[in-house]
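Work through the exercises below with the sequence and the model open. Each task is followed by a solution in steps.

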Amino acid sequence: MRNVFDILKERELIAQTTHEEEIRELLGKEKVTFYIGFDPTADSLHVGHFLQMVVMRHLQDAGHRPIALVGGGTGMVGDPSGRTDMRQMMTVETINYNCERFKKQLSTIIDFSDGKAIMVNNADWLRNLNYIEFLRDIGSCFSVNEMLRAKCFQTRLEKGLSFIEFNYMLMQSYDFLQLYKQYGCKMELGGDDQWSNILGGIDLVRRKENQQVYGMTFALLTTSDGKKMGKTAKGALWLDPEKTSPYEFYQYFRNVGDDDVIRCLKLITFVPMDEIHRLEKLEGQELNEAKRILAFEVTKLVHGEAEAQKAMETAESLFGAAKSAENMPTTEMELTEATYGLLDVMLLAKLIPSKGEGRRLIQQGGVSVNDEKITDAAYQVSADSLREGIIIKKGKKVYHRVVGK
């Protein structure tokens, strides 16, 4: 009989499993408590985390119980997986604040009512550990030789791996042990970069509890050429609307490459596979239909249907005859001069990372102000124009309104 494992596989979400047949059978015959960890490295989750939230929802819809583990303890060390440098140390206050922010964002996808899902903070058991006791009890279960062969440490060994980061695998493994003991958690899920850490936890539960638990990793959200998705000119594609507006979020997915749209529909939406197979047959300009569906569905999941509708209508109006400024990303600026350099205005609006980049863009014909193409990098915008509001177009698809006050 088909179960949620088959759904995840059909949607190409599964990267690796520790025991494929056993996991499939387990998910088909009982309600399984599983967990995914989210370290509070910023005050918002980003689109990379969103894929894992979607996986949690698939499993919850099938009757399984998610544990969302926020890393108030592990966040004080920092995960070296996939890193070429050490993460910046954060204060306890910052970590606590970030954990609180995660709760709201996770709740947009996961139903935490009536015990259907649990949110736990590993600070509860990690921050007050006795170090010598931890080393004797947990450290004795790990082989340094095997840890050094783990993929999560490989990229760091050449440049230097700090001892504090070397402890991360032990801490994440200890999380699995605690969640098994406290909640009967039988599975750890995570991005494919977490494979080594997940294996460490499974082995620790086997050694300490003489029980078999399981691990499963998921595809990372990447483009067809292997680059991580979710990077914009302003940085990460955040789930927080104050950091990435619903319109910008929508536009990111509206503009994904032709080779990426079907995969994104499978990975981060709940659009039925029959519909995705229909969209898969589209070619050329027809693929815009698939991109509109992708952008709307993902924005609806993260920001709600009303915001997704507004973002879609704004995008459609911008690319139609009338370019409505309503709901467009807007930057307000204080006016103290009679005129302002366009490069300064674009820098303030975070449309360019530097003036040098802005000059190149203008010289290549990639910038317009109120539908007028600008070719002079020294172009000045009057304060009167700014009071009325100007619309800057960057490239073919980025529109931004700047208003002076």
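**Exercise 1: the sheet**

An open sheet is built from five strands in the order E9-E15-E14-E11-E12, with mixed pairing. The model is a predicted one.

Task: State which strands are the edge strands, and in which sense E9 and strand E15 pair.

Solution. Step 1: Strand E9 (330–333) and strand E12 (372–373) each pair on one side only, and these are the edge strands. Step 2: E9 pairs with strand E15 (residues 398–404) in the parallel sense, over four bridges.

**Exercise 2: a residue before a helix**

Task: Determine whether Asn3 is buried or exposed, and list what Asn3 touches beyond four places in sequence.

Solution. Step 1: Asn3 lies in the segment before helix H1 (4–10). Step 2: The relative accessibility of Asn3 is 11%. The cut-off for buried is under 20%, so Asn3 counts as buried. Step 3: Leaving out residues up to four places away in sequence, Asn3 touches Arg24, Leu27 and Gly28.

**Exercise 3: helix H10**

Task: Compare the span of helix H10 with the expected value, and state how many of its residues are buried.

Solution. Step 1: Helix H10 (residues 168–183) has 16 residues. Step 2: From first C-alpha to last, H10 reaches 22 Å, close to the 22 Å expected at 1.5 Å a residue. Step 3: Of the 16 residues in H10, 13 are buried, and the helix is mostly covered.

**Exercise 4: aromatic pairs**

Task: Give the number of aromatic pairs and describe the one formed by Phe134 and Tyr174.

Solution. Step 1: The count is four aromatic pairs, with ring centres within 6.5 Å as the cut-off. Step 2: Phe134 and Tyr174 are 5.4 Å apart centre to centre, with 90° between the planes. Planes over 60 degrees apart count as edge-to-face, so this pair is edge-to-face. Step 3: The pair links distant parts of the chain, since Phe134 is in helix H6 (residues 131–137) and Tyr174 in helix H10, 40 residues apart. Step 4: Phe134 has a relative accessible area of 6% and is therefore buried; Tyr174, at 12%, also counts as buried.

Step 1: Tyr252 and Phe253 form another edge-to-face pair, at 5.1 Å centre to centre and 80° between the planes. Both residues, Tyr252 and Phe253, are buried. Ring pairs join Phe249, Tyr252 and Phe253 into a cluster.

Conventions:
Residues are numbered from 1 along each chain as its sequence is written. This is a predicted model: local features need pLDDT of at least 70, side-chain atom pairs count only at pLDDT 80 or more; totals for chains, interfaces and linings use all residues. Side-chain values use heavy atoms; hydrogens and water are left out. Two strands pair if DSSP finds at least two bridges between them. Helices (H or I, at least four residues) and strands (E, at least two) are DSSP runs, numbered from the N terminus. Buried means under 20% relative accessible area, exposed over 50%, partly exposed in between (1.4 Å probe, protein chains only). Contact means heavy atoms within 4.5 Å. The expected span of a helix is 1.5 Å times one less than its number of residues. Rings of Phe, Tyr and Trp (its six-membered ring) pair if their centres lie within 6.5 Å; planes under 30 degrees apart count as stacked, over 60 as edge-to-face and the rest as tilted.
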